[in-house]
Amino acid sequence: MSRLTIYPDNDAERLLLDTADGAEIAAALKPIGVRFERWSAAKELPAEIDDAAVLDAYRADIERLKSECGYQSVDVLRCLPDNPKRSELRLKFLDEHTHDDDEVRFFVEGAGVFYLRAAGKVHMTLCERGDLIGVPAGTRHWFDMGPAPRFTAIRLFTTPAGWVANFTGERIARRFPYYGPPPA
Ligand SMILES: [Fe+2]
């Protein structure tokens, strides 16, 4: 079940909110411009499936989002526990960054945690299969896929250039709870 935990951005010991209620999560993220919705991701994905097949399986949802929000660029990010680059990838996503464009992800398999830093708080958002999250351009964030990652997310941006991550250089991730054991 997806879950939102909020802390002051300078104090990971102080819990401001902890909820698994979908409506409460959406309401708590709305003031910082983040969209959160629980959708249905009913299709089972086999272990061997290419990106085109994932996009095809969720074509209707993708087209709806594209026409609603004007997103042009779509791809699939899939990471499974046997990925030989999992440690490297995990560390890369743990670096706080922003994008010049919205970052929208629809989780169709597995889970991962988005950390959204805004309004003096860190919004630790566990996203699971069926969750749609939309992070507005310029929002500081990082992502933890955990030590044995298992997730497939369809990512949407307005322009391909929007993919570029602008790293803030802050190592804030290490001060907050990780998704599972911390990196080595
Ligand atoms: Fe990002």
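## Close-up views of a predicted model

**View 1. Arg155 and the residues around it.** In this predicted model, Arg155 is in contact with Ser73, Val74, Asp75, Leu77, Val104, Arg105 and Trp163, leaving aside its neighbours within four places in sequence. You can find Arg155 in strand β10. Is Arg155 buried or exposed? Its relative accessible area is 14%, so Arg155 counts as buried.

**View 2. The largest pocket and its lining.** The space in this pocket comes to about 200 Å³. Its lining is made up of 13 residues. Here we meet Arg155 again: together with Phe93, His97, His99 and Trp163, Arg155 lies nearest the centre of the pocket. Which elements give two or more residues to the lining? They are α4 (86-93), β6, β9 (140-144) and β10.

View 3. For four tetrahedral donors, the ideal angle at a metal is 109.5 degrees. Why does His99 count as buried? Because its relative accessibility is 6%, and buried means under 20%. Glu103, at 4% relative accessibility, counts as buried too.

**View 4. The largest nonpolar core.** Nonpolar side chains tend to be buried together in soluble globular proteins. How many residues does the largest nonpolar core have in this model? It has 21, and those with the most contacts inside it are Leu29, Phe107, Phe114, Leu116, Ile133, Phe143 and Phe151. Two or more core residues come from each of β1 (3-8), α1 (22-29), β4 (73-79), β6 (103-118), β8 (131-135) and β10 (150-157). Another core, of 16 residues, lies apart from this one, with Tyr58, Leu65, Val76 and Ile154 among its members.

**View 5. Ile133 and its contacts.** Not counting residues up to four places away in sequence, Ile133 touches Val34, Arg35, Glu103, Val104, Arg105, Phe107, Phe114, Leu116, Thr125 and Cys127.

**View 6. Ala119 in its loop.** This residue sits in the loop between β6 and β7 (121-128). With 62% relative accessibility, Ala119 counts as exposed.

Note on methods
Residues are numbered from 1 along each chain as its sequence is written. This is a predicted model: local features need pLDDT of at least 70, side-chain atom pairs count only at pLDDT 80 or more; totals for chains, interfaces and linings use all residues. Side-chain values use heavy atoms; hydrogens and water are left out. A nonpolar core is a set of buried Ala, Val, Leu, Ile, Met, Phe, Trp, Tyr and Cys residues joined through side-chain atoms within 4.5 Å. Buried means under 20% relative accessible area, exposed over 50%, partly exposed in between (1.4 Å probe, protein chains only). Helices (H or I, at least four residues) and strands (E, at least two) are DSSP runs, numbered from the N terminus. Contact means heavy atoms within 4.5 Å. On a 1 Å grid over the protein atoms alone, a cavity is a set of points where a 1.4 Å probe fits but cannot get out, and a pocket is an open set with protein on both sides within 12 Å along at least five of seven lines; lining residues have an atom within 4 Å of a point. Grid points are joined across faces, edges and corners, and a volume is the space filled by probe spheres set on the points.
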